[in-house]
4 protein chains.
Amino acid sequence: RLPLALIAGPCAMESREHALEMAEAIKEIADKAGIGLVYKSSFDKANRSSVASPRGIGLAKAVEVFAEVKERFGLPITTDVHEIEQCAPVGEVADILQIPAFLCRQTDLLIAAAKTGRVVNVKKGQFLAPWDMGNVAAKLRATGNARVMVTERGASFGYNTLVSDMRSLPIMAETTGAPVIFDATHSVQQPGGRGTTSGGERRFVPVLARAAVAVGVAGVFIETHEDPDNAPSDGPNMVPLKELPALIDQLVAFDAIAKGTTKGRVA
Amino acid sequence: RLPLALIAGPCAMESREHALEMAEAIKEIADKAGIGLVYKSSFDKANRSSVASPRGIGLAKAVEVFAEVKERFGLPITTDVHEIEQCAPVGEVADILQIPAFLCRQTDLLIAAAKTGRVVNVKKGQFLAPWDMGNVAAKLRATGNARVMVTERGASFGYNTLVSDMRSLPIMAETTGAPVIFDATHSVQQPGGRGTTSGGERRFVPVLARAAVAVGVAGVFIETHEDPDNAPSDGPNMVPLKELPALIDQLVAFDAIAKGTTKGRVA
Amino acid sequence: RLPLALIAGPCAMESREHALEMAEAIKEIADKAGIGLVYKSSFDKANRSSVASPRGIGLAKAVEVFAEVKERFGLPITTDVHEIEQCAPVGEVADILQIPAFLCRQTDLLIAAAKTGRVVNVKKGQFLAPWDMGNVAAKLRATGNARVMVTERGASFGYNTLVSDMRSLPIMAETTGAPVIFDATHSVQQPGGRGTTSGGERRFVPVLARAAVAVGVAGVFIETHEDPDNAPSDGPNMVPLKELPALIDQLVAFDAIAKGTTKGRVA
Amino acid sequence: RLPLALIAGPCAMESREHALEMAEAIKEIADKAGIGLVYKSSFDKANRSSVASPRGIGLAKAVEVFAEVKERFGLPITTDVHEIEQCAPVGEVADILQIPAFLCRQTDLLIAAAKTGRVVNVKKGQFLAPWDMGNVAAKLRATGNARVMVTERGASFGYNTLVSDMRSLPIMAETTGAPVIFDATHSVQQPGGRGTTSGGERRFVPVLARAAVAVGVAGVFIETHEDPDNAPSDGPNMVPLKELPALIDQLVAFDAIAKGTTKGRVA
């Protein structure tokens, strides 16, 4: 039972400069809190609500920047892939390939990601039960790559709302045998809730993150930005960078108790 | 307000012989009922629950068979695409390209489908509100192709269950301005409900189809098979071919009343 | 398989004069459409969102008015009971005692209602599955009174929203063996949706009523008012009286087809 | 911000002897853990799934036993009321009157409970949004009794399933201004899930209790029994008495961190 890890970064890679600044700042916070860090950003927002929303910096540019972040700060990297063709080039630099929730059942994408040999972290679709992730993990392992992670990011609950079922964390651990991550950022999303963009309620990020860590998880996923309200995507859900240290400190404290307990925890 | 159309066929294309037999049989039923028919089959089941489930006949083979079905029986064809690269070759033969529900927000796939110039029929994701389909239709129309259709196939309702909200039919008609299809087959699916495959309750296909047609829709989507319990996919949801004529007759009768009315209908 | 019946009236009894006027007007509409009518009004709104909302005319006064409606227009009467003590006096005049959805599991209330010997119509709780109504019907029948009806009025779907699962109509028919009513008024309610009162979307009443009648039901429940926007309760959901005739005509036409069919219907 | 309190006891009062034994045993556990205890049992199970299920010891007998528990062990008492007439006699002995979730909108019952002058603890209906509890608390306070508590016990999530939305805890605290209790026992219930009785998954009690305490609550509600599998009601959800000490110790540890924090907590 390893201590809690942190997957963090701005939702979208905005520029080389911004990525380097964010990586440095978050690394400093993580180091102070004594928590392991994986740096996350997306190079393409492939499923925006509206066609008019910005898409991102693109794969080629992002791969270079990720390589620089790795080298400068010694941080493992994760990013999400949307097309089979993206897996190989992303696998050159990313330590963890993330499969978006909407795509968690696309067999060919899962297999292409697994074939890179990298860790594959699959977000549970908003339309799936936690026990359904057992088949998803099995698809990945059928390639011979057993380095699988799964992420909870909320389940559909009526229209334009997600709910985080905390029972899903031990259920996914049992049915996949994989480390379970709690994505506190997208779990507070209100899909489609602002007309042409998704809304969200940032104030519930600490609420849900605390709950998940108390239940017991391998890691938390928290997107952060120095100025979320002006970020190109997921602004309503991102935690302001200056609030991250206090939140991480809390989570580390809860994790220490959770990992020392013997009942109801994620095994 | 055109009369009800029927999109029907076996879920997966099994062989040239089976496709020709099914197309002939369904065409005969549709002709007798006086309902327009679009023949549907999938060449690849790209998001099966389990990696061990059969995938399908493949694109190249299917394109040939579809061409033969079109020529022999004069039927328009629809099938689903999962990858950007599939759109152009499928667009050579299919009159309507169908976008799977899980992929309804993948911008590049939508655009690639629209660029074929064919009609694009997007299934509403189980995780979307009906009004969210307005943005989806706008993504397609931004390409200059205004030939858009949208399909209701159920919304997530707790775990392993879908519910068909009949209000979604007029809401989608209003927010997309597109013809609305009701998929009575996948609306009765129990996603992940049988462990490594999805379950379903065939007996509710007529129930939901009748409800949708009474509300008022442009078409119904009904998968059918001469022996559903031995079909390679969606068996629990498919209507036995021999029960199709009576069902279609009912739906045509309801449609006549629905289309003649002036209140509460899909405009 | 009897033809469709109509349960209708203003949500709350406002005054003797208003009740007589409404009963006369609705009876005329029902007679023209050739549909059987049960007159409905509530004497007490016992579970309003806010304590400041009006409650109603009270039991004693209502019993007198109901008796006059029965005598003058020859109409059967239904109203809802909330307390054990109300059952006997209400049973003196009402032909059908209605159990509110929130109270559908209160054993003593069910038994007290059944002991009047009147028909008992239980609304399915928003928190119940349709098959759970089998136990509810059994509670009533255990008293020796087998005159049971059950009503669908929507299921909780996220917050402040209900969804009408049309599969629940045949499921309730099978599991209870009782006539199934579809309440098209409360099914479009948005519980708590306007802060201190519930909202609703009247425009979906015909949509859902048509769907339910096409599936096959014993009756529809539709609250109506000559001026819904100024009614003391359920205004957002009530159908304006002047729109009722066209709606009833449609439903009668759908019912004729539904009752003549042999598949997927409520047995 | 007071430390966490515990509301605990067997679901149903079985006999005087059993009540005294359970009160003594739970008090010992609570004293060792340094947590305040309120003893809970029901004298009547008024809304059982089936009419054949046992109902309970009855009000008159229970009042005597509660008085003896109070006197012997110095414990405050809580029990649930279902009828207006029960409020006054229960209020003679109970320190907290609990309103069942199904009845949380019944105005007259709320008012009768509040008029006893005792604390009134209202369980949020499975059909309500957390913000809807603001009106419920206002109904109580309109009587002049401001001693209000509210309890989360899960929200309807599809059929026969509840989900615990951890965001509801801070939302209820904000909208009611009242202490918030998390009912870890009924939150894991599967309503109607075993045919004629409700099912449940006891193994998730610690999971959800930990999550709620980490979010920050005034108290947890946990039903316990020395032999849950043979208890007359709620057996599938009750924690075996011998497992209670370890669970309480965990919760007290989480509470200490939660109450020391400054973000995302229940104010």
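Because K27(D) and D31(D) are 4 residues apart in helix 1 (residues 16-33) of chain D, about one helical turn separates them. In chain A, salt bridges that share partners join R16(A), E17(A), E68(A) and R72(A) into one network.

This is a predicted model, in which local features need pLDDT of at least 70 and side-chain atom pairs count only at pLDDT 80 or more, whereas totals for chains, interfaces and linings use all residues. Residues are numbered from 1 along each chain as its sequence is written, chains are lettered from A and ligands numbered from 1 in the order in which they are written, and side-chain values use heavy atoms, with hydrogens and water left out. Helices (H or I, at least four residues) and strands (E, at least two) are DSSP runs numbered from the N terminus.

## Further salt bridges

Side chains of opposite charge can pair when their charged atoms come close. Over all chains, the count comes to 68 salt bridges. One of them joins the side chains of R167(A) and D165(A), at 3.0 Å from N to O. R167(A) is buried, with a relative accessible area of 8%, and D165(A) is buried as well, at 4%.

In chain C, D183(C) forms a salt bridge with K123(C), and the closest N and O atoms are 2.6 Å apart. This pair links distant parts of the chain, 60 residues apart: D183(C) belongs to strand 9 (residues 180-183) and K123(C) to strand 5 (residues 119-123). Both D183(C) and K123(C) are buried.

## The interface of chains D and C

Two copies of a chain are related by a rotation about an axis and a shift along it. The same surface serves both, as 100% of the contact residues of chain D recur in chain C. The contact, meaning heavy atoms within 4.5 Å, takes 39 residues from chain D and 39 residues from chain C.

About 3400 Å² is buried between chain D and chain C, with carbon and sulfur atoms giving 48% of this area; buried area is the accessible area (1.4 Å probe) that two parts lose on being put together, summed over both. R105(D), F127(D) and Y159(D) supply 21% of the area that chain D buries against chain C, more than any other three residues. The rule finds 2 salt bridges across this interface, and the side chains of R55(D) and D108(C) meet in a salt bridge at 2.8 Å, N to O. On the side of chain D that touches chain C, helix 3 (84-93), helix 4 (107-114), helix 5 (133-141) and strand 7 (155-156) each supply at least two residues.

## Buried elements of chain B

Helix 4 (residues 107-114) of chain B is mostly covered, 6 of its 8 residues being buried. These are T107(B), L109(B), L110(B), A112(B), A113(B) and A114(B). Their cover includes helix 3 (84-93), strand 4 (96-99), strand 5 (119-123) and helix 5 (133-141) of chain B.

S168(B), found in helix 6 (residues 168-176) of chain B, is buried with a relative accessible area of 0%. Residues up to four places away in sequence aside, S168(B) touches P130(B) and E152(B).

Most residues other than glycine have a negative phi. N160(A), although not a glycine, has a positive phi of about 60 degrees. This residue lies in the loop between strand 7 (155-156) and strand 8 (162-163) of chain A and is buried, with a relative accessible area of 17%. In chain B, phi of N160(B) is near 60 degrees, again a positive value. N160(B) lies in the loop between strand 7 (155-156) and strand 8 (162-163) of chain B and counts as buried at 18% relative accessibility.

Key: Salt bridge = Lys/Arg side-chain N within 4 Å of Asp/Glu carboxyl O. Buried < 20%, exposed > 50% of the residue type's maximum accessible area, 1.4 Å probe, protein only.
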